[in-house]
Amino acid sequence: MRQVGPTPSGIERTFGDEEIIVSKTDRRGFITYANDVFVRVSGYREDELLGKPHSIIRHPEMPRIVFRVLWQTIERGEEIFAFVNNLAADGANYWVLAHISPSFDADGRIVGYHSNRRSPRRAAITEIAALYERLRAEELRHHSPVAGMEASGQLLAHLLGARDQDYDAFVWDLINRAEAA
Ligand SMILES: Cc1cc2nc3c(=O)[nH]c(=O)nc-3n(C[C@H](O)[C@H](O)[C@H](O)COP(=O)(O)O)c2cc1C
């Protein structure tokens, strides 16, 4: 569970197309490395990030189901591309297209995770924000977080199933369409 964080200000922050926000975590998602871009964009000092759960920058409007898909994928040892809206220390939000991948030891066991994030295209942000808003609204209609996530998982499967896509295929389609726009 996320601790009480900054109040979202509604101000959106962006970062350069040529920049990459990088972090590494242990197996539980506790931050072990943060690059300069991460420090600058998130507004936290490096020492405030290291050792903290990655949910330190969780935005309250992000649907829980996205993080469930994310963790299920990386815990299987697979990589994932995901759009994430993050909350900076001053309440600003910033959208990222994250590529998260597991790191393995010599015996093939997962020892941690690595995330590289680029700045998404505006057209992609507009579309994903609308989808996430629907998912979040579904989650909030239910009394418990678990029931809410169950329902938003069904809604996500229904919306993507209608397009014959899973989350990964949808993200790639969105990247490609936004690139061509
Ligand atoms: C390598 C890695 C990077 C992550 N990056 C983010 C991130 O940028 N923003 C975020 O909200 N969650 C990120 N997460 C997911 C968090 O661990 C967490 O699941 C999420 O913030 C939801 O928090 P909650 O379960 O406490 O609500 C990342 C996880 C890993 C393993």
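How do the residues of the shell around the ligand divide into nonpolar, polar and charged?

1. The shell residues comprise eight nonpolar, five polar and three charged. Here Ala, Val, Leu, Ile, Met, Phe, Trp, Tyr, Cys and Pro count as nonpolar, Asp, Glu, Lys and Arg as charged, and the others, Gly among them, as polar.

2. This is a predicted model, in which local features need pLDDT of at least 70 and side-chain atom pairs count only at pLDDT 80 or more, while totals for chains, interfaces and linings use all residues. Residues are numbered from 1 along each chain as its sequence is written, and side-chain values use heavy atoms, with hydrogens and water left out.

3. The ligand is surrounded by 16 residues, of which Arg58, Phe67, Trp71, Asn86 and Arg117 are the closest; a residue is near a molecule if one of its heavy atoms lies within 4 Å of it. At least two shell residues come from each of helix 3 (64-75), strand 3 (80-87) and strand 5 (110-118). Helices (H or I, at least four residues) and strands (E, at least two) are DSSP runs, numbered from the N terminus.

4. Asn86 places a polar side-chain atom 2.6 Å from a nitrogen atom of the ligand. The side chain of Trp71 has an N or O atom 2.8 Å from a ligand oxygen atom, and that of Arg117 has an N or O atom 3.2 Å from a ligand nitrogen atom. The protein buries 89% of the 610 Å² that the ligand exposes when taken alone; these accessible areas come from the Shrake-Rupley method with a 1.4 Å probe.

5. Strand 1 (residues 21-26) runs antiparallel to strand 5, with six bridges joining them, and Lys24 has His114 as its bridge partner in strand 5. Strands count as paired if DSSP finds at least two bridges between them.

6. Strand 1 is also antiparallel to strand 2 (residues 31-34), through three bridges, and Thr25 stands opposite Ile31. The hairpin of strand 1 and strand 2 has four residues between the strands, and Gly29 takes a positive phi near 90 degrees there.

Notes: Polar contact = N/O pair within 3.5 Å; in protein donor to acceptor, adjacent residues only side chain to side chain.
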